[in-house]
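Here is a short report on one protein chain. It covers the sheet, the helices packed on it, the core and a few backbone details.

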Amino acid sequence: TLSYQGTDRCQVDALLVTPAGDGPYPAVIYMHRGNEFKSQILDEAILLAGQGVVTLLPASAFDTGCDTFGRTQRQGYIDTVLFIRRGVDLLQSLPYVDGDRLAYVGHSFGATWGGVVAGVEPRIHSFVLMAGIVSISRYEAVGMSELDAANYIGEAVNTEFLFQYSYTDEYISQSNANIYVTLTPGEPTVLWYDSTHEDLQFDGQDDRVAWLLEQFSIE
């Protein structure tokens with residue numbers, strides 16, 4: 001458990017899982033679902049540590065004590081993206097992390113904002129987006145459209161993407177999922193599952209881990 005500076009007013013609570021040894025190791029930042037916490041994918045982080053991968057699991061801005069939510073939900077979304085970018089700063093400062101081999105994994109809330117991160121954070125070259133939406137403004141109040149991942153993901157360069165979706169997701173239709181994929185540059189990998197929105201975390205784990213290890217050139 002650690003904390004780092006997320007914004008000028010917010011400290012980020014996070015979990016850091018590291019392999020044994022000196023490295024340098026590749027690293028992954030995980031962002032959880034909206035109704036979960038930083039420990040949501042801790043088991044997967046431990047699994048990856050056994051393969052020689054460092055993992056950082058930060059809280060979102062809505063899980064801190066800095067009253068981001070009280071400052072408006074919009075600010076909470078912006079701060080969450082900043083938390084992730086400051087997490088990159090942290091990882092690149094660690095002597096046992098290979099700062100050129102960084103990935104991001106997001107589920108639902110984390111996948112929605114992962115598309116924004118992809119467009120503004122060039123230091124991350126591999127993204128796994130599970131059950132994300134490309135337009136938060138479809139679900140939130142007026143004034144959110146400029147925050148839509150649709151405005152950012154097309155700016156990603158030299159970046160690989162894996163999308164994971166469920167045919168039977170109770171929140172995201174196949175057509176909405178395909179919009180996210182279509183707006184993504186390059187040739188993203190898209191995998192579909194018979195799963196629930198929540199269980200996609202488990203049903204897609206083997207494919208996700210294998211894809212990450214391939215991105216990191218770990219056999």
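Strands E1 and E2 are joined by 4 bridges and run antiparallel. Strands and helices here are DSSP runs, numbered from the N terminus (E, at least two residues, for strands; H or I, at least four, for helices). Two strands pair if DSSP finds at least two bridges between them. Tyr 4 stands opposite Val 12 in E2. E1 and E2 form a hairpin, with 5 residues between them.

This is a predicted model, in which local features need pLDDT of at least 70 and side-chain atom pairs count only at pLDDT 80 or more, while totals for chains, interfaces and linings use all residues. Residues are numbered from 1 along each chain as its sequence is written, and side-chain values use heavy atoms, with hydrogens and water left out.

**The sheet**

An open sheet of 8 strands runs in the order E1-E2-E4-E3-E5-E6-E7-E8, with mixed pairing. Its edge strands are E1 (2-5) and E8, each pairing on one side only. From one strand to the next, the twist averages 25 degrees.

Strand E3 (residues 25-31) runs parallel to strand E5 (residues 97-107), and 6 bridges join them. Tyr 25 stands opposite Val 97 in E5.

Contact means heavy atoms within 4.5 Å. Axes are lines fitted to C-alpha atoms, for helices over the stretch in contact, and angles run from 0 to 180 degrees between N-to-C directions.

| Helix | Strands touched | Angle between directions |
|---|---|---|
| H1 (residues 42-49) | E2 (11-17), E3, E4 (54-58) | about 45 degrees with E2 |
| H6 (residues 205-215) | E3, E5, E6, E7, E8 | about 180 degrees with E7 |

The buried residues of H6 are Arg 208, Val 209, Trp 211, Leu 212 and Leu 213. Buried means under 20% relative accessible area, exposed over 50%, and partly exposed in between (1.4 Å probe, protein chains only). Just after H6, Ser 217 takes a positive phi of about 60 degrees.

**E7, H4 and E8**

E7 and E8 pair in the parallel sense over 5 bridges. The bridge partner of Phe 163 is Val 190 in E8. The chain crosses from E7 through H4 to E8, and this β-α-β crossover is right-handed. That is, with the strands pointing away from the viewer, the path from the first strand over the helix to the second runs clockwise.

Which residues of H4 are buried? In this helix (residues 174-182) they are Asn 176, Ala 177, Tyr 180 and Val 181. Seen down the axis of H4, they fall within an arc of 145 degrees, so they line one face of the helix. The arc is that of the directions from the helix axis to the C-beta atoms. Their cover includes helix H3 (109-120) and strands E6 (126-130), E7 (160-166) and E8 (189-193).

Leu 191 lies in E8. Leu 191 counts as partly exposed, at 27% relative accessibility. Beyond its neighbours within four places in sequence, Leu 191 is in contact with Leu 162, Phe 163, Gln 164, Tyr 165 and Asp 207. Leu 191 and Arg 208 are 17 residues apart along the chain, and their C-alpha atoms are separated by 9.6 Å.

**The core**

A nonpolar core is a set of buried Ala, Val, Leu, Ile, Met, Phe, Trp, Tyr and Cys residues joined through side-chain atoms within 4.5 Å. The largest has 70 residues, of which Val 28, Leu 91, Leu 129 and Leu 212 touch the most other members. Helix H2 (residues 73-93) gives the most to this core, with 7 residues. Leaving aside neighbours within four places in sequence, the contacts of Leu 129 include Tyr 104, Ile 153, Phe 161, Phe 163 and Tyr 180.

**Loops and backbone details**

Ser 108 sits in the loop between E5 and H3. Ser 108 is buried, with a relative accessible area of 15%. Its phi is positive, about 60 degrees, although it is not a glycine. Setting aside neighbours within four places in sequence, Ser 108 contacts Arg 33, Met 130, Ala 131, Gly 132 and His 197.

Ala 131 lies in the loop between E6 and E7. Ala 131 also has a positive phi, near 55 degrees. Ala 131 is buried, with a relative accessible area of 2%.

Pro 24 lies in the loop between E2 and E3. A cis peptide bond joins Gly 23 and Pro 24, with omega about 5 degrees.
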